[in-house]
Amino acid sequence: MEAVDIKEENIPRNFITDIIDEDLKSGKEDHVATRFPPEPNGYLHIGHAKSICLNFGLARDYKGTCNLRFDDTNPVKEDMEYIESIQKDVKWLGFSWNGEIRYSSSYFDKLYGYALELIEKGLAYVDELTPDQIREYRGTLKEAGKNSPYRDRSIEENKALFEKMKNGKFKEGQACLRAKIDMASPFICMRDPVIYRVRYAHHAMTHDKWCIYPMYDFTHCISDAIEGITHSICTLEFQDNRRLYDWVLENISIEHRPHQYEMSRLNLEYSITSKRKLNLLVDEKLVDGWDDPRLTTISGLRRRGYTPASIREFCRRIGVTKQENTVEMSALETCVREDLNANAKRAMAVLHPLKLVIDNYGTDGVNDSELTVANHPDKEDLGTRTITISKELYIDKADFKEEANKQYKRLKLGYEVRLRNGYIVKATSCEKDENGEITCVHVEAVPNSIGKDVEGHKPKGVIHWVDSNNCYRAKVCLYSRLFNVANPGAVEDFLSTVDKDSLEVIEDAALEMSLKASKVGDSYQFEREGYFCVDSKLSTENNPVFNLTVALRDTKKAFV
């Protein structure tokens, strides 16, 4: 999968570009080196897309570099499946990383050495308090913590115990290595944080070489320094942790000093971005995997029919600030709607078919069998297609009523509408089954009315249709919002907010026959219905399944 050329999409000015400009002007830096450092413990989501667009975008705009680095320090939760999916998502969004993929695990030997250096400087110690005791000793926001009884061990004793940890002589939770900083610090992250713990788990990259693993806060800053990162960007919840980031680098013998900058994370209505909660949705089978089209994971959005350009545009519009806010889902939907409106081919699809019979078909002026129509009203380069028309068609059940008021602009008895790209027709009668359900509508077509106005005939509306004798009967999935509250993450039992009716499967929709040849990645505007794409998981060759990406319009507030 090759990254596309997106040079024209320079990121807007923000406080980070201002900092970079000043750093380059003052000579503090002579280049820009960023990184995107996901933990491979789940699939990427829309919040990661914001970080991807920013970090790779800064490298592109300043002709610098951006590394893809997996911060793989917790083998219990990490998997090669996640590593592979993350690479795919970054490429799909249109970006290429600098050189080879990096892994924090590649630096484990160096990290171990730096941990020993802190011990030798009297700045780290092996603690044998239990995890619960460590939490208790740490104190609260209002009360200072208290020193561990193991805090004043000698350097030699700590070195020997750390070696014992490395050699697998402690059980999990029985011992850990802590930085010796300040148990009275107003910042809890500085109260002797744990920097190494025992984990007996197989690691995807280092296999069984290690049974001790460095903590994220210890690993991240050192990895940035090893790679020569100049601007390390994270979200605001790591703002206090910047003190630990700097403390570690200041107290080990490493030359490079990257700086951490924090921005607000992306909070999106009607979505969940917590990997733990996303994993719970998957485990409880409330969704069809991490790529369920109702999720705002990048793979879910891709399967839903969102385009890379629409996601990049969304990230461009929301911008980069330090102010926490929640973005409306309609803002994301607007971006994909605009992109597909400009670029998606048109087609006709009847989701709830009702038979329509042109009783005078075959008579003079009502005998066309093929129509040539444009694939896009504004783009001649997208070409034309041929559709067939015959005596028997399908229209949507919602497009016919025996009687209706003047606001109803579709087909009703005694009135005329135009068939999209076809004849003007007048409803004359209908047939019903034993339950009173309408099963067939009979119409008379106005001769020679295809693509023409005919004197004396003024149809009040236009409806879509397909030829019942030449159509593709397909499965169509109509997706709506997964959650029935705007902020499901704030609900204690967030699973209770899942809308069990957020997926409607239509097993036998009637589509233009040409759509049967559609491939994964193809998107269309089903006229008068919405934008649809070929599902990547359910489709088979010559039997594509279509997913609703987004409706044609939305009355909710979005970007202006």
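Predicted model: local features only at pLDDT ≥ 70, side-chain atom pairs only at ≥ 80, totals over all residues.

1. Residues are numbered from 1 along each chain as its sequence is written, and side-chain values use heavy atoms, with hydrogens and water left out.

2. The search runs on a 1 Å grid over the protein atoms alone: a pocket is an open set of points with protein on both sides within 12 Å along at least five of seven lines, a cavity is a set where a 1.4 Å probe fits but cannot get out, and lining residues have an atom within 4 Å of a point. Points are joined across faces, edges and corners, and a volume is the space filled by probe spheres set on them. The second largest pocket comes to about 520 Å³. Its lining counts 25 residues, with W92, R302, G305, Y306 and G521 nearest the centre.

3. Which elements supply that lining? At least two residues each come from α3 (80-92), α10 (298-304), α12 (329-343) and β28 (530-534); helices (H or I, at least four residues) and strands (E, at least two) are DSSP runs numbered from the N terminus. The largest share, four residues, belongs to α3.

4. The largest cavity has a volume of about 130 Å³, and P293, R294, T296, R304 and M329 lie nearest its centre among 14 lining residues. Elements giving two or more residues to this lining are α10 and α12, with α12 providing the largest share, three residues. The lining divides into eight nonpolar, two polar and four charged residues.

5. The second largest cavity holds about 70 Å³ of space. Y216, D217, H220, C234, F238, N241, Y245 and Q260 line this cavity, and α7 gives the most, with three residues.

6. Eight of its 11 residues (the helix spans 216-226) are buried, so α7 is largely enclosed by the rest of the structure; buried means under 20% relative accessible area, exposed over 50%, and partly exposed in between, with a 1.4 Å probe and protein chains only. Among the buried ones are F218, H220 and D224. After α7 comes G228, with a positive phi near 70°.

7. On charge pairs, the structure holds 38 salt bridges, each a side-chain nitrogen of Lys or Arg within 4 Å of a carboxyl oxygen of Asp or Glu. D127 and R178 pair at 2.7 Å, N to O. D127 is in strand β4 (124-127) and R178 in strand β5 (176-179), so the bridge ties together parts 51 residues apart in sequence. Both residues are buried.

8. K537 and D288 meet at 3.8 Å, N to O. K537 sits in the loop between β28 and β29 (546-550) and D288 in the loop between α9 (275-283) and α10, so this pair ties together parts 249 residues apart in sequence. K537 is partly exposed at 39%, and D288 is partly exposed at 36%.

Conventions:
Nonpolar A, V, L, I, M, F, W, Y, C, P; charged D, E, K, R; others polar.
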